[in-house]
Amino acid sequence: MRRHGWQLPYHPLQVVAVSVFVALAFAFYVFFAPFVGRKVFQDAAMGLYTPLVLCVFLLYIWCAATDPADPGVFKSKKYQRLYGGCKHRRLKESIQGVSDVGLQLEGTGEKRGHEVADANEKSMTELKNKSSSCCSATFSAFLLIFSPLSFVFSCCQSREWSSEQHDSEDGMFFCSLCEVEVLKYSKHCRVCDKCVDGFDHHCRWLNNCIGKRNYRRFFLLMTTALFLLILQSATGVLVLVLCFVQRKEFSMQIVSKLGSSFSIAPFIIVV
């Protein structure tokens, strides 16, 4: 059972996606933006491209790191067996420590407890005789006043509980693979081996499922990535046009910005 997209093993397409993204960003800042033309156009291109790159980068990490599992999966035996072992060990150790301290205190407190108990018994017997008559009268009055209210409250509570139970049973299904009850619109992903709330698809580029918890982020990721690629392709076409139109000036710019080892032919191939 996989928790998120950054869990090993990585999918080959995920590695390709990250590598291509890094290559495109590097190419834009080294081969595209410095050759757009004037300084104003260079600043404008970088000013538009930089926030888009950061948005795509952060959204990609966020979508891949989100666990879109059904809420019931977190309570399943498989999930607790894989990812809940550390918490249970810590709880057991803390409980054992508290019990050891309690055993030590019991030995010292038993003697004092017997002495205090003897004194309390004497005082309680005296108070019981005095307050028995008063308590019986107040208790009978309490029953007369609050018994109808308690009956009505118990009836309403039972009706609400039965309706809530009926709704939860109608909206829940049992997954034999996760061995737990899941929501109505959840679906089991064979790749991640878990039920996903509002399952849409398993994205191999993210190596994670797309569901209710990360669908909006995934939509934003696709939108920003589309604008990023449009801006990058438009800038690349502009650089190629300027390269052919201003051949002499461009060759001088290539030498001054990239070094004498770079000429127009490899520059065009890279762009």
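What pattern does the protein chain follow when read along the sequence? The answer is α-α-α-α-β-β-β-β-β-β-α-α-α, which amounts to seven helices and six strands. Helices (H or I, at least four residues) and strands (E, at least two) are DSSP runs, numbered from the N terminus. The model is a predicted one, in which local features need pLDDT of at least 70 and side-chain atom pairs count only at pLDDT 80 or more, while totals for chains, interfaces and linings use all residues. Residues are numbered from 1 along each chain as its sequence is written, and side-chain values use heavy atoms, leaving out hydrogens and water.

A view of the whole chain comes first. Of its 271 residues, 26% are buried; here buried means under 20% relative accessible area, exposed means over 50%, and partly exposed lies in between (1.4 Å probe, protein chains only). Among contacts (heavy atoms within 4.5 Å) with a separation of 6 or more, 62% are between residues 24 or more positions apart. The chain exposes about 18,900 Å², with carbon and sulfur atoms supplying 67% of it; accessible areas come from the Shrake-Rupley method with a 1.4 Å probe, and for residues only the protein chains shown count as cover.

Helix 1 (residues 12-32) has 21 residues and reaches 28 Å from its first C-alpha to its last, close to the 30 Å expected. The expected span is 1.5 Å times one less than the number of residues. Gln-14, Ala-25, Ala-27, Phe-28, Phe-31 and Phe-32 are buried in helix 1, and the buried residues of this helix pack against helix 2, helix 5, helix 6 and helix 7. Helix 5 (residues 215-245) has 31 residues and reaches 45 Å, close to the 45 Å expected. Its buried residues include Phe-218, Leu-221, Ala-225, Leu-228 and Val-239, and their cover includes helix 1, helix 2, strand 5, strand 6, helix 6 and helix 7.

Leu-229, in helix 5, is partly exposed at a relative accessible area of 47%.

A search of the whole structure finds two salt bridges, each defined as a side-chain nitrogen of Lys or Arg within 4 Å of a carboxyl oxygen of Asp or Glu. In one of them, the side chains of Asp-67 and Lys-194 meet at 2.5 Å, N to O. This pair links distant parts of the chain, 127 residues apart: Asp-67 is in the loop between helix 2 and helix 3, and Lys-194 is in strand 4. Asp-67 counts as buried at 13% relative accessibility, and Lys-194 is buried at 1%. Asp-193 and Lys-78 also meet in a salt bridge, at 3.2 Å, N to O. Asp-193 lies in the loop between strand 3 and strand 4 and Lys-78 in helix 3, so this pair ties together parts that are 115 residues apart in sequence. Asp-193 is partly exposed at 26%, whereas Lys-78 counts as buried at 17%.
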